[in-house]
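User: Please walk me through how to read the features of a model like this one. I would like the general idea each time, and then the case at hand.

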Amino acid sequence: MFLNNLENLLYMVDSPEFVNEIRERSCVLGKFIKVISATETYEAYAVDIDYECRLVVKRGEREVLLSSGEISIRNL
C-alpha cells in the first residue's frame with residue numbers, strides 16, 4: 001500500500017495541484033529569509049514557488065529562482 005501511494009504521488013509531481021499543495025504548506029513564503037549558497041549569503045523575501053518547484057525570492061529589485069540543491073534557507 002505504501003508503494004502504491006508513493007507511485008501516485010510521483011505522478012502528481014508534474015501537476016499544478018502538487019505545486020499548489022507545496023505553496024499551501026510552505027513555511028517560508030511571505031517571509032524574509034537568509035539564503036546561504038556556496039559563494040554568498042544574502043537576505044531575500046520569499047515570494048512564490050514556481051511550477052518547477054523552485055523558490056522565487058525577491059533580492060532587491062530583481063527576482064531570483066532558487067532550487068533546494070543549490071542553497072540553504074533559514075528564517076530571519
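User: Let us start with one side chain. Is Arg 54 buried, exposed or partly exposed?

Analyst: Arg 54 has a relative accessibility of 26%, so it counts as partly exposed. The cut-offs matter for that reading, because buried means under 20% and exposed means over 50%. Bear in mind that the model is predicted.

User: Which residue forms a salt bridge with Arg 54 at 2.7 Å?

Analyst: The general idea is that side chains of opposite charge can pair when their charged atoms come close. Here the partner is Asp 50, and 2.7 Å is the distance between the closest N and O atoms. Asp 50 has a relative accessible area of 14%, so it is buried. Glu 52 also meets Arg 54 in a salt bridge, with 3.9 Å from N to O. Glu 52 is exposed, at 60% relative accessibility.

User: What does the side chain of Asp 48 make a polar contact with?

Analyst: Its partner is the side chain of Arg 23, at 2.8 Å. Asp 48 belongs to strand β2 and is partly exposed, with a relative accessible area of 27%. Beyond its neighbours within four places in sequence, Asp 48 is in contact with Arg 23, Leu 29, Arg 54, Leu 55 and Val 56. Asp 48 and Val 28 are 20 residues apart in sequence, with their C-alpha atoms 9.2 Å apart in space.

User: What should I look for in a backbone angle such as the phi of Cys 53?

Analyst: Cys 53 has a positive phi, near 65°. This residue lies in the loop between β2 (41-49) and β3 (55-59). Cys 53 is partly exposed, at 33% relative accessible area.

User: Where is a positive phi found in a hairpin turn?

Analyst: Gly 60 has a positive phi of about 70° in the turn of the hairpin formed by β3 and β4, which have 2 residues between them. These two strands run antiparallel and are joined by 5 bridges. Within that pairing, Val 57 has Val 64 of β4 as its bridge partner.

User: Which residues touch the most other members of the largest nonpolar core?

Analyst: In soluble globular proteins, nonpolar side chains tend to be buried together. The largest nonpolar core here has 13 residues, and those touching the most other members are Ile 33, Val 35, Tyr 42, Leu 55, Val 57 and Leu 66. The elements that each give two or more residues to this core are β1 (32-36), β2, β3 and β4 (62-66). The biggest share, 4 residues, comes from β2. Val 57 also touches residues well along the chain, including Ile 33, Ala 44, Tyr 45, Val 47 and Leu 66.

User: How many helices and strands does the chain have, and in what pattern?

Analyst: The chain has 2 helices and 5 strands, in the order α-α-β-β-β-β-β along the sequence. Its radius of gyration is 14 Å, well over the 11 Å that the globule rule gives for 76 residues, so the chain is more spread out than a compact globule. Along the principal axes, the C-alpha atoms fill a box of roughly 45 × 20 × 20 Å. Of the 76 residues, 21% count as buried.

Terms used
Residues numbered from 1 in each chain as written. Predicted model: local features only at pLDDT ≥ 70, side-chain atom pairs only at ≥ 80, totals over all residues. Heavy atoms only, no water. Buried < 20%, exposed > 50% of the residue type's maximum accessible area, 1.4 Å probe, protein only. Contact = heavy atoms within 4.5 Å. Polar contact = N/O pair within 3.5 Å; in protein donor to acceptor, adjacent residues only side chain to side chain. Salt bridge = Lys/Arg side-chain N within 4 Å of Asp/Glu carboxyl O. Core = buried A, V, L, I, M, F, W, Y, C linked by side-chain atoms within 4.5 Å. Pairing = 2+ DSSP bridges. Rg over C-alpha atoms; globule rule 2.2 N^0.38 Å.
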